[in-house]
Amino acid sequence: HIRIPPNVSVNGALLVAAGERSYAIPLDGLIAVDNVDVDVFFDAVAEKRNLSLYGMDCEPAYLATLCQGNALPEQATWNNTVPVMIAGSEDRYMAIAVDDVKQALELVIRSLGVQFSNVPGVAGATTTVDGQAVVALDLNALVDSVDMGQHTNVSVTQEPEENLLVLVVDDSRF
């Protein structure tokens with residue numbers, strides 16, 4: 001008999017970098033992955049207009065802004081193109097820029113439990129081959145959680161950093 005916990009799944013995923021962090025993006029949560037000309041992306045950000053990709057109007061966004069509040073890096077960070085992941089639904093699509101798409105791989109994604117079930121866009125966590133802990137994101141849920149007009153999808157300036165102390169306690173046996 002083989003028993004597999006229901007809170008563990010093996011998914012194809014992209015390992016991406018945004019800001020100072022890496023994220024795992026399960027492939028089943030993506031519509032498309034593309035490279036957008038860097039001038040086109042930055043013009044859309046500056047003019048606050050959508051990008052037309054694959055017949056969809058996509059709001060430009062930056063993953064590190066959505067997850068960490070980081071500012072969009074300088075245009076020179078990317079050579080000619082910006083890697084973007086397209087996610088969302090018919091109501092709203094986003095072209096979410098990342099610093100780098102590191103690799104595509106199969107990952108075991110574990111649930112983070114009920115403590116994190118209300119955190120929008122978090123699908124679970126995984127570890128890479130080198131032992132790095134990585135948050136897995138459900139980009140469609142993340143797009144749905146961003147309030148239209150009330151959240152900046154791309155931040156041009158960095159917010160002042162606050163030192164926070166967080167204690168997470170898990171008293172479960174597993």
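Rings of Phe, Tyr and Trp (its six-membered ring) are said to pair if their centres lie within 6.5 Å; planes under 30 degrees apart count as stacked, over 60 as edge-to-face and the rest as tilted. The model is predicted, so local features need pLDDT of at least 70 and side-chain atom pairs count only at pLDDT 80 or more, whereas totals for chains, interfaces and linings use all residues. Residues are numbered from 1 along each chain as its sequence is written, and side-chain values use heavy atoms, with hydrogens and water left out.

**Aromatic pairs**

Two of them are set out here.

| Pair | Centre to centre | Angle between planes | Type |
|---|---|---|---|
| Phe42 and Trp78 | 5.9 Å | 55° | tilted |
| Tyr62 and Trp78 | 6.4 Å | 85° | edge-to-face |

Both pairs link distant parts of the chain. Phe42 belongs to helix 1 (residues 38-47), while Trp78, 36 residues away, is in the loop between helix 2 (63-68) and strand 6 (81-89). Tyr62 lies in strand 5 (residues 56-62), 16 residues from Trp78. Helices (H or I, at least four residues) and strands (E, at least two) are DSSP runs, numbered from the N terminus.

Phe42 and Trp78 are both buried, and Tyr62 is buried as well. Here buried means under 20% relative accessible area, exposed over 50%, and partly exposed in between (1.4 Å probe, protein chains only). Together with Phe41, these residues form one aromatic cluster: Phe41, Phe42, Tyr62 and Trp78.

**Overall fold**

The chain contains 3 helices and 10 strands. Along the sequence they follow the pattern β-β-β-α-β-β-α-β-β-β-β-β-α. Of the 174 residues in the chain, 39% are buried.

**Surface patches**

Patches consist of residues with over 30% relative accessible area and no salt bridge, like charges being joined within 9 Å and nonpolar side chains (Val, Leu, Ile, Met, Phe, Trp, Tyr) within 5 Å. A salt bridge is a side-chain nitrogen of Lys or Arg within 4 Å of a carboxyl oxygen of Asp or Glu.

Asp28, Glu90, Asp91, Asp138 and Asp144 form a negative surface patch. Asp138 is partly exposed, because its relative accessible area is 32%.

A nonpolar surface patch of about 560 Å² is made by Leu112, Phe116, Val119, Leu164, Val166 and Val168. One of these residues, Val166, lies in the segment after helix 3. Val166 has a relative accessible area of 65% and is therefore exposed.

Methods:
Accessible areas come from the Shrake-Rupley method with a 1.4 Å probe; for residues, only the protein chains shown count as cover. Lys and Arg count as positive and Asp and Glu as negative; His and the chain ends are not counted. The place of a charge is taken as NZ of Lys, CZ of Arg, CG of Asp or CD of Glu.
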